[in-house]
Structure formats: structure tokens, C-alpha cells
Amino acid sequence: MVASTMVSGVATLSSEVWQSGRRNARLDGALAHLYSTVLGVDSKTSRCGVHYELAILSQHQMAQKAALCFRAHILGSSQSVLKSLYRLVLQSRSSNAHVLNPIRDYERLALEANMEP
């Protein structure tokens with residue numbers, strides 16, 4: 001557990017990762033190289049094995065977990081204003097097709113994880 005926390009923390013130190021529900025191949029490759037180096041194995045070693053040995057999830061899975069935890073926190077809040085705002089943003093339509101609504105990504109993840117709406 002300590003290795004997992006330290007490796008994940010050092011790997012993303014002083015950085016922000018915005019995914020909007022999509023995988024980032026460059027980031028995955030860079031983290032895979034770092035994790036392999038930490039273990040002292042060849043960079044072509046199976047990522048599943050490397051993640052298992054370090055007791056970590058992939059960066060994409062960690063981002064999904066964080067998004068679902070955020071959603072659960074908001075919807076489980078005793079403050080009805082937060083829930084109302086969340087629902088309002090979920091239902092809002094943007095006139096700009098390039099503007100992403102992360103709330104919709106959270107809801108898609110929740111459906112895939114069989115969480116309550």
C-alpha cells in the first residue's frame with residue numbers, strides 16, 4: 001500500500017491530468033515506463049503485472065474512481081444546493097459543441113458501474 005501511494009504520488013507530482021473519460025496513450029506510456037523503472041524490469045513487461053506488483057490501478061482507472069467518488073460525494077451531500085446545481089449542470093445544453101460537460105461523463109461512468117442515478 002505504501003509503494004502504491006508513493007509511486008502514484010511521485011508519478012503525477014506537480015501535474016494535472018484532465019481526461020474527460022478518454023484514455024491518454026502518451027500518459028499511459030510515460031507512466032508505464034516509470035513504473036517499470038521503479039520495479040527494475042524491462043519496459044516491455046506486461047502492464048498488468050507491473051500494476052499488480054505495485055498494487056496500483058492504471059491512471060485511467062484512478063481517474064474514473066476519483067470521478068465516481070466526487071459524484072457520490074455531491075449526490076450524498078446533505079446540502080440540497082449542491083445536488084440541485086449538479087442536476088442543473090447535467091441537464092444544461094451548451095450552444096458550443098466543443099464545450100465538454102464532465103457531469104455527463106460522471107453519469108456515464110455511474111451507469112457502467114451500476115450505481116444509482
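**Entry 1**

I started at Phe70, which is partly exposed at a relative accessible area of 39%. My cut-offs: buried is under 20% relative accessible area, exposed is over 50%, and partly exposed is in between (1.4 Å probe, protein chains only). I am working on a predicted model, where local features need pLDDT of at least 70, side-chain atom pairs count only at pLDDT 80 or more, and totals for chains, interfaces and linings use all residues. Residues are numbered from 1 along each chain as its sequence is written, and side-chain values use heavy atoms, with hydrogens and water left out.

I searched the whole structure for aromatic pairs and found 1. Phe70 and Tyr106 make an edge-to-face pair, with 5.6 Å centre to centre and 65° between the planes. The pair links distant parts of the chain, with Phe70 in helix α4 and Tyr106 in helix α6, 36 residues apart. I counted rings of Phe, Tyr and Trp (its six-membered ring) as paired if their centres lie within 6.5 Å; planes under 30 degrees apart are stacked, over 60 edge-to-face, and the rest tilted. Helices are DSSP runs (H or I, at least four residues), as are strands (E, at least two), numbered from the N terminus. Tyr106 is buried, at 18% relative accessibility.

**Entry 2: how α4 meets α6**

Next I looked up the packing of the two helices. Two packed helices are described by the angle between their axes and the distance between the axes. The axes of α4 and α6 come within 9 Å and cross at roughly 100°. I took axes as lines fitted to C-alpha atoms, for helices over the stretch in contact, with angles from 0 to 180 degrees between N-to-C directions. So α4 and α6 are roughly perpendicular to each other.

Which residues make the contact? From α4 come Gln64, Ala67, Leu68, Phe70, Arg71 and Leu75; from α6 come Tyr106, Glu107, Leu109 and Ala110. Contact means heavy atoms within 4.5 Å.

I then checked burial along α6. Ile103, Asp105, Tyr106, Glu107, Leu109 and Ala110 are buried there. Their cover includes α4 and α5 (80–91).

**Entry 3: salt bridges**

How many salt bridges does the whole structure hold? I found 3. The test is a side-chain nitrogen of Lys or Arg within 4 Å of a carboxyl oxygen of Asp or Glu. Side chains of opposite charge can pair when their charged atoms come close.

Arg71 bridges to Glu107, with the closest N and O atoms 2.7 Å apart. Arg71 sits in α4 (residues 59–75) and Glu107 in α6 (residues 102–112), so this bridge ties together parts 36 residues apart in sequence. Both Arg71 and Glu107 are buried.

The others I noted involve Arg108. Asp105 bridges to Arg108, closest N and O atoms 4.0 Å apart. Arg108 also bridges to Glu112, at 3.1 Å between the closest N and O atoms.

I checked the spacing in α6. Asp105 and Arg108 are 3 residues apart, about one helical turn. Arg108 and Glu112 are 4 residues apart, again about one helical turn. An α-helix has 3.6 residues a turn, so residues three or four places apart point the same way.

Asp105 is buried at 17%, Arg108 is partly exposed at 31%, and Glu112 is exposed at 52%.

**Entry 4: cysteines**

I searched the whole structure for disulfides and got 0. The cut-off is a pair of cysteine sulfur atoms within 2.5 Å. I also looked up two cysteines by accessibility. Cys48 is exposed at 62%. Cys69 is partly exposed, with a relative accessible area of 46%.

**Entry 5: positive phi**

Most residues other than glycine have a negative phi, and most peptide bonds are trans. I noted two residues with positive values.

Ala55 is not a glycine, yet its phi is positive, about 55°. Ala55 lies in the loop between α3 (47–54) and α4. Its relative accessible area is 48%, which makes Ala55 partly exposed.

Asn114 has a positive phi near 60°. Where is Asn114? Asn114 lies in the segment after α6. At 71% relative accessibility, Asn114 is exposed.

Methods:
Parallel < 35°, antiparallel > 145°, perpendicular 65-115°, else oblique.
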